[in-house]
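Subject: Handing over the model

Hello,

Here is the structure I promised to pass on. Please open it first, then read my notes below.

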Number of protein chains: 2
Amino acid sequence: MDFYQEKKPVLVALDCIIFGFDKKELKLLVIKRDFEPSKGNWSLVGGFLQPDEDLDISAKNLLQHLTGLSNIFMEQLHCFGNVQRDPGERVISVAYYALIKLEEHDQELVESHNGKWFTLDEMPDLIFDHNEMIMKALQRLRQKARYQPIGFELLPDKFTIPELQLLYEVIHQTNFDRRNFSKKILSKGILKKLNEKQKETSKKGAFLYKFDKKKYEALVVKGFNFEL
Amino acid sequence: MDFYQEKKPVLVALDCIIFGFDKKELKLLVIKRDFEPSKGNWSLVGGFLQPDEDLDISAKNLLQHLTGLSNIFMEQLHCFGNVQRDPGERVISVAYYALIKLEEHDQELVESHNGKWFTLDEMPDLIFDHNEMIMKALQRLRQKARYQPIGFELLPDKFTIPELQLLYEVIHQTNFDRRNFSKKILSKGILKKLNEKQKETSKKGAFLYKFDKKKYEALVVKGFNFEL
DNA sequence: TATATTATGTGTCTAAGATACACTTAATTT
DNA sequence: AAATTAAGTGTATCTTAGACACATAATATA
């Protein structure tokens with residue numbers, strides 16, 4: 001059964017770019033690396049592919065291990081494979097990015113792993129090609145947010161239209177007209193209006209909405225394309 | 001220097017989905033596999049990552065080896081990593097897709113490697129998860145063609161508007177109105193009209209154009225977005 | 001108690017772009 | 001000389017994006 005006898009295996013790492021939104025800014029989770037090489041430096045959450053684990057499963061496990069979350073939006077980003085990317089030895093890394101709802105994750109667990117959330121501005125230098133990974137993930141997030149309703153993955157289950165708008169403004173680094181934004185997003189017919197109001201941010205309070213995933217998926221089948 | 005001593009390396013394969021356009025249909029290049037397992041079955045062009053080669057370089061070399069082409073559009077598609085995807089042993093595969101100009105590639109070289117071009121309809125069953133890879137590459141091509149001028153990678157340097165339209169119709173499996181299509185594509189200002197006519201397909205003949213890459217890139221810098 | 005303040009919610013007008021559609025032109029075939 | 005075929009171009013209409021203004025709910029302030 002040794003079909004590929006003469007081929008040389010290499011180490012396969014997994015790295016994960018984890019996005020969160022704290023109602024004001026986009027944040028990324030990084031950790032202080034606790035093993036050599038580059039021990040003590042900031043790094044993406046990472047690990048190694050186990051020979052008996054599917055790649056995607058391995059990535060999910062990695063994330064669950066750090067945040068306590070399962071069932072989150074997670075997608076493969078890119079496989080980084082330059083020869084010298086890891087000074088330790090030849091390691092290629094398959095990077096994933098995840099969008100999580102900040103209020104649902106296990107803060108203590110994160111802290112116990114020396115994890116910390118940074119905004120892009122505050123982000124320290126990371127090891128190896130991890131800065132590059134973040135840049136690529138950001139591009140992907142921006143691109144993807146334009147034609148798929150992934151913004152909701154970063155918000156609580158219940159959110160207001162102004163909150164949603166702010167998120168998209170932060171992602172795309174721009175400003176939208178309030179009236180046009182709500183008109184557009186509501187016209188898609190993929191939001192369920194609730195009878196509750198969120199009163200934390202304004203005197204008047206804003207109505208809460210939920211993303212109607214089933215309705216969205218039904219529309220997609222009919223050829224609907226989300227586009228912001 | 002043995003930092004990752006306890007980690008287990010795995011084999012990393014490379015597979016390439018190669019698209020071509022023969023003035024009528026979209027085609028894909030596959031080969032008859034000449035080694036076990038699954039020897040004699042149809043497969044994507046593939047190989048193994050060499051420990052001393054960058055991943056991207058390795059993929060380019062693979063393609064050049066088979067088609068004789070360098071300097072072609074090639075992008076990483078996805079890393080496929082299910083445990084049982086290769087019955088031989090644990091092998092993860094980084095898939096790339098390439099868009100090539102059919103008339104420029106080395107036909108004899110391809111044939112000497114048992115390569116053959118198939119349309120999607122005629123495509124035989126491929127080994128392992130290669131069918132899945134093709135499906136994913138197709139999705140990517142369709143998605144990408146919508147907002148980036150990659151169609152030109154599949155056409156000769158000189159092409160006519162009707163040819164370009166047909167290509168996009170084939171990619172998107174739809175029909176466009178001739179007048180609206182040419183109006184739209186010409187309005188982008190990224191095509192150079194030549195003083196020659198292509199007379200093979202019609203009595204009247206159609207003017208030849210070239211994709212003006214420099215102009216396109218200059219426009220991109222100014223915030224221009226190609227969108228079909 | 002009345003008024004000011006602040007963010008939310010909604011309606012309209014305009015301009016630009018997408019789409020539908022018809023005639024002319026160049027060159028070959030009959 | 002007439003018919004055929006694909007190419008090239010113009011216009012009218014409809015939809016959508018974008019700019020913009022006023023009304024509303026609830027608290028804060030005078």
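A polar contact here is a pair of N or O atoms within 3.5 Å; within protein, one must be able to donate a hydrogen and the other to accept it, and residues adjacent in sequence count only if both atoms are side-chain atoms. This is a predicted model, where local features need pLDDT of at least 70, side-chain atom pairs count only at pLDDT 80 or more, and totals for chains, interfaces and linings use all residues. Residues are numbered from 1 along each chain as its sequence is written, chains are lettered from A and ligands numbered from 1 in the order in which they are written, and side-chain values use heavy atoms, with hydrogens and water left out.

DNA strand C

A polar side-chain atom of Arg179(B) lies 2.5 Å from a base nitrogen of DNA strand C. For Lys183(A), a polar side-chain atom is 2.9 Å from a base oxygen. For Lys183(B), the distance to a base oxygen is 3.2 Å. Two or more residues of the nearby surface come from each of H5 and strand E10 (206-211) of chain A, and H5 of chain B. Helices (H or I, at least four residues) and strands (E, at least two) are DSSP runs, numbered from the N terminus. H5(B) gives the largest share, 5 residues.

In total, 21 residues surround DNA strand C. A residue counts as near if one of its heavy atoms lies within 4 Å of the molecule or strand. Among the closest are Arg178(A) and Phe207(A). By class, the surface has 3 nonpolar, 5 polar and 13 charged residues. Ala, Val, Leu, Ile, Met, Phe, Trp, Tyr, Cys and Pro count as nonpolar, Asp, Glu, Lys and Arg as charged, and the others, Gly among them, as polar.

DNA strand D

Here 19 residues lie around the DNA, and Arg178(B) and Phe207(B) are among the nearest. Sugar and phosphate make up 41% of the atoms of DNA strand D within 4 Å of the protein. Lys183(B) has a polar side-chain atom 3.0 Å from a base oxygen of DNA strand D. Lys203(B) instead has one 3.2 Å from a sugar or linking oxygen. H5(A) supplies the largest share of this surface, 4 residues.

The two chains

A rotation of 180° with 0.0 Å of shift along its axis superposes chain A on chain B, with an RMSD of 0.1 Å. That is the relation of a two-fold axis.

Strand E1 of chain B

Strand E1 (residues 11-21) of chain B is mostly covered, with 11 of its 11 residues buried. Buried means under 20% relative accessible area (1.4 Å probe, protein chains only). E1(B) pairs with strand E6 (residues 91-99) of chain B in the parallel sense, over 9 bridges. Two strands pair if DSSP finds at least two bridges between them. Antiparallel to E1(B) runs strand E4 (residues 45-48) of chain B, joined by 4 bridges. Asp15(B) stands opposite Ala95(B) in E6(B), and Gly46(B) is its bridge partner in E4(B). Strand E2 (residues 26-32) of chain B is also antiparallel to E1(B), with 4 bridges. In the hairpin of E1(B) and E2(B), Lys23(B) takes a positive phi near 75°.

Best wishes

Definitions and conventions. Copies are superposed by least squares on the C-alpha atoms of residues with pLDDT of at least 70 in both. Buried means under 20% relative accessible area, exposed over 50%, partly exposed in between (1.4 Å probe, protein chains only).
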